[in-house]
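Hello,

Here is the structure we talked about. Please open it and keep it beside you while you read my notes below.

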Amino acid sequence: MSGSLVWTRRRESVARFWRQYRVHRAGVAGLAGLALLVAVALAAPLLVGDGVQNVTDAPGSALESPSAAFPLGTDQFGRSLLGLLVWGARISLTVGLLAAALSVAIGTLVGVVAGHYGGWLSTVVMRITDWFLVMPTLVLAIVLATVLSRSVWTVVLAIGVTSWPTTARLVRAQTIAVESRPYIERATALGGGHGHIMARHVIPNVMPLVLAQTTLGISSAILTEATLAFLGLGDPAVVSWGGMLQDAREAGAVSSGHWWYLAPPGLAIALVALAFTLCGRAVESVLNPKLGVAR
């Protein structure tokens, strides 16, 4: 019975969250756009096939302008840019999601530990966090991506381990606020250890903040991935939107006026970043109504 009651409360909580979320028209629009993009990315093998990345058997000639056969034109190898754009969504979204998840996981762990234990440990951890915070994230990511082997996992690691300080500071502040409440004192008096307090009381109360921070962090991670790929630090064996921009630059699309090579991946990056930002602001507003985020 208790398990059934827990699941009933969880369903009611999710339903209440959705009722409040759908009031935010911008958030709903962003969510609809993301749902469409995810569906296209998942269906990419069916929509464009695996051969879209093949250079030797490209169906068109180099740098064709948009036409009925190639709605977005072709790249310097004669491959369909529409097919590459659809296929590249898989890598860009995957890297963004994984990098944001890694960043938030590190930030949450650091923030909870620093806020819970306090004292000299908190001081040391926060000074390290401040050092990462003042250092340019992109520069650190470039250094890691340069030192390590060029792969998708290297990009995820480079973004994740350099963008966690903001989350850490937010979670630490929330942890201190949670641990000042009376039920934490009661749990401690009843024999609750550090692990019990953090796992059963602190982390569940900071999860709404973590959720909002994750949603907002995905757009930043996607932009950083695109920047690294544009600088030639991504995985050359996979297609991503940033990699398409890098290929366009190398092919001289900027100087030769081949706008159809540059515009689609650039717009795709901007739109997906905007969609995640709209969703993140809506989630943040629902979880913390005092923010007064516009609808």
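Predicted model: local features only at pLDDT ≥ 70, side-chain atom pairs only at ≥ 80, totals over all residues.

Which residues of α7 are buried? They are Val152, Thr154, Val155, Val156, Ala158, Ile159 and Gly160. Helix α7 spans residues 152-160, and seven of its nine residues are buried, so the rest of the structure largely encloses it.

**Val95, a residue of α4**

Now go to Val95. You will find it in helix α4, which covers residues 81-117. Is Val95 buried or exposed? Its relative accessibility is 1%, and buried means under 20%, so Val95 counts as buried. What does Val95 touch, leaving out residues up to four places away in sequence? The list is Val152, Val155, Val156, Ile159 and Glu225. Val152, Val155, Val156 and Ile159 are among the buried residues of α7. For a sense of distance, take Arg19. Val95 and Arg19 are 76 residues apart in sequence, and their C-alpha atoms are 30 Å apart in space.

**Nonpolar cores**

In soluble globular proteins, nonpolar side chains tend to be buried together. Here, the largest nonpolar core has 35 residues. Leu93, Trp241, Met244, Val272 and Phe276 have the most contacts inside it. Five helices each supply at least two residues of this core: α2 (25-42), α4, α10, α11 (241-250) and α13. Which helix gives the most to this core? It is α13, with eleven residues.

Look at Leu93 next. Setting aside neighbours within four places in sequence, Leu93 contacts Leu37, Val38, Ala41, Ile222, Val272 and Phe276. Another core lies apart from the largest one. This other core has 13 residues, including Ile91, Val95, Ala99 and Val156.

**The largest pocket**

Rolling a probe the size of a water molecule over the atoms shows where empty space is left. The largest pocket holds about 610 Å³ of space. It is lined by 13 residues, and those closest to its centre are Ser13, Arg16, Pro204, Pro208 and Leu287. Which helices each supply at least two residues of the lining? They are α1 (2-21), α10 (194-230) and α13 (259-287). The largest share comes from α1, with six residues. By class, the lining has eight nonpolar, three polar and two charged residues.

**Aromatic rings**

A pair of aromatic rings is described by the distance of the centres and the angle of the planes. How many aromatic pairs are there? The count is five. One of them joins Trp259 and Trp260. Their ring centres are 6.0 Å apart, with 85° between the planes, and the pair is edge-to-face. Trp259 counts as exposed, at 55% relative accessibility. Trp260 is buried, with a relative accessible area of 9%. Elsewhere, ring pairs link Phe17, Trp18 and Tyr21 into a cluster.

**A backbone angle to check**

Most residues other than glycine have a negative phi. Leu63 has a positive one, near 55°. Where is Leu63? It sits in the loop between α3 (44-47) and α4. At 22% relative accessibility, Leu63 counts as partly exposed.

Best wishes

Notes
Residues numbered from 1 in each chain as written. Heavy atoms only, no water. Helix = DSSP H or I, 4+ residues; strand = E, 2+ residues; numbered from the N terminus. Buried < 20%, exposed > 50% of the residue type's maximum accessible area, 1.4 Å probe, protein only. Contact = heavy atoms within 4.5 Å. 1 Å grid on protein atoms, 1.4 Å probe; cavity = no way out; pocket = protein on both sides within 12 Å on 5 of 7 lines; lining within 4 Å. Points joined across faces, edges and corners; volume = space filled by probe spheres on them. Nonpolar A, V, L, I, M, F, W, Y, C, P; charged D, E, K, R; others polar. Core = buried A, V, L, I, M, F, W, Y, C linked by side-chain atoms within 4.5 Å. Phe/Tyr/Trp six-rings, centres within 6.5 Å; stacked < 30°, edge-to-face > 60°.
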